[in-house]
Amino acid sequence: MSTFTLLVDDQDAQINFLCPTLKQKVFGSYSNSTWSTIKSESCKTGWFEYSFYGTGIKVDIPTAQPSQDVSVTLDNAPLTAQADGSFESSALPDGQHTLKYAIGSVKQAPVFDYLTVTAGPSTPINGRTLIVDDSQLTYKGNWSTNPPQAPKYDYSSSLYRDTAHWSSTVGDTIEFEFTGTSVAVYGLAAGIMEGSRRNNLTASYTIDGVTQTRGIPAETFDSVPMTEFFHANVPGGRHTLVINLTDVAHPRTFGIDFIAYNASVDSITSLPGYQPTANAAPKFEAGSSKLNGGAVAGIVVGTLALVGVLVAAGWFWRSRQAKKSKSPVALGSGNSSYDDIEASSAYRFSCLPRFSANPLRLEHAAQQRD
């Protein structure tokens, strides 16, 4: 069964920050070129809260060194985060859930870039960004999951799901089908030397028979994630994207990390590949203890009485609701992290803030945003 994942940027309006937070517009390998970090140890009682509809949630907030001051609650139940600050829930019943994340004293700034939600039938997705990992794409040719060289990025940057597919072979292709209004391809390039020409690492991008050829952005850093190779706006509907490597000069290598697209349907139930989850209701096993006739009769009588009560209560509730006007529940943000999949043509990079001896003081030159 296909898994559909919603990408939620740290600047999403539906993320409720509970303590003093530094919000940054930065140059670097970050979703939407933004990230957030704490400004106070008071965040150990609660940094942010996020309510969502879906069947799972994943948060990666690297702290460089293990921290024992991280706590997570999901639907008011305390859960255990990883020592590096990350958290991934187990499978949840489809519906509304609330995550609360807290982190206190750390030696280096925790970096909150984005979180992801595993979408269910209840998740509203129209106009929002779905992210597709490289492991979910269709490849032809000599693609490999082994990087050509060791990564050069620091603790705050990482590949989505820590995976990528690599190729340096002209003619290797990727095919991807999506239902949406825009699409973007993100990855990283290896073997690039400063000052060299970028147009000898190129690929063609064909959507529904229309082809464009793109080189990597001029300011691309070597082996740094979140480089936007391609983006396009398209009419809402179902489309096919084909990526074909057209020129790769040694020792350059093309790395694909993920594809993001803005959905044009309301629910994942309208997306190709969706399959409903099997009913997980408990059943009596063969050979289990049986109920006698009296018990069955008692259950039948009790059930009929309960049905009568519920019918009466339902009629009363509906009559009350008919007198009230309904207002839609606000779910998620209309301004998701890749709205229209538009970004600056310049590749962005920045130095991370470091906590000084006083962990409440940040030393950095980046511009503070409220």
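**View 1. Lys58, Asp60, Tyr114, Thr116 and Tyr160 line the largest cavity of this predicted model.** A cavity here is a set of points, on a 1 Å grid over the protein atoms alone, where a 1.4 Å probe fits but cannot get out, and lining residues have an atom within 4 Å of a point. The search of the whole structure finds one cavity of 30 Å³ or more, and the largest cavity holds about 40 Å³ of space, a volume being the space filled by probe spheres set on the points, which are joined across faces, edges and corners. Its lining divides into two nonpolar residues, one polar and two charged, where Ala, Val, Leu, Ile, Met, Phe, Trp, Tyr, Cys and Pro count as nonpolar, Asp, Glu, Lys and Arg as charged, and the others, Gly among them, as polar.

Two notes apply to every view. The model is predicted, with local features needing pLDDT of at least 70 and side-chain atom pairs counting only at pLDDT 80 or more, whereas totals for chains, interfaces and linings use all residues. Residues are numbered from 1 along each chain as its sequence is written, and side-chain values use heavy atoms, with hydrogens and water left out.

**View 2. An open sheet of five strands has antiparallel pairing in the order S2-S5-S10-S7-S8.** Strands S2 (16-17) and S8 (77-79) stand at the edges with a single partner strand each, so one side of each is left without a neighbour in the sheet. Strands (E, at least two residues) are DSSP runs numbered from the N terminus, and two of them pair if DSSP finds at least two bridges between them. Between the antiparallel strands S7 (residues 70-74) and S10 (residues 95-103) there are five bridges, and leucine 74 stands opposite leucine 99 in S10.

**View 3. Arginine 161 and aspartate 162 lie in the loop between strands S13 and S14.** The phi of arginine 161 is near 60 degrees, a positive value in a residue other than glycine. Arginine 161 is partly exposed, with a relative accessible area of 36%, while aspartate 162 counts as exposed at 60%; buried means under 20%, exposed over 50% and partly exposed in between, with a 1.4 Å probe and protein chains only. Aspartate 162 is 28 residues from aspartate 134 in sequence and 10.0 Å from it in space, C-alpha to C-alpha.

**View 4. Methionine 226 is found in the loop between strand S17 (210-215) and S18.** Although methionine 226 is not a glycine, its phi is positive, at about 70 degrees, and at 13% relative accessibility this residue counts as buried.

How values were computed. Helix = DSSP H or I, 4+ residues; strand = E, 2+ residues; numbered from the N terminus. 1 Å grid on protein atoms, 1.4 Å probe; cavity = no way out; pocket = protein on both sides within 12 Å on 5 of 7 lines; lining within 4 Å.
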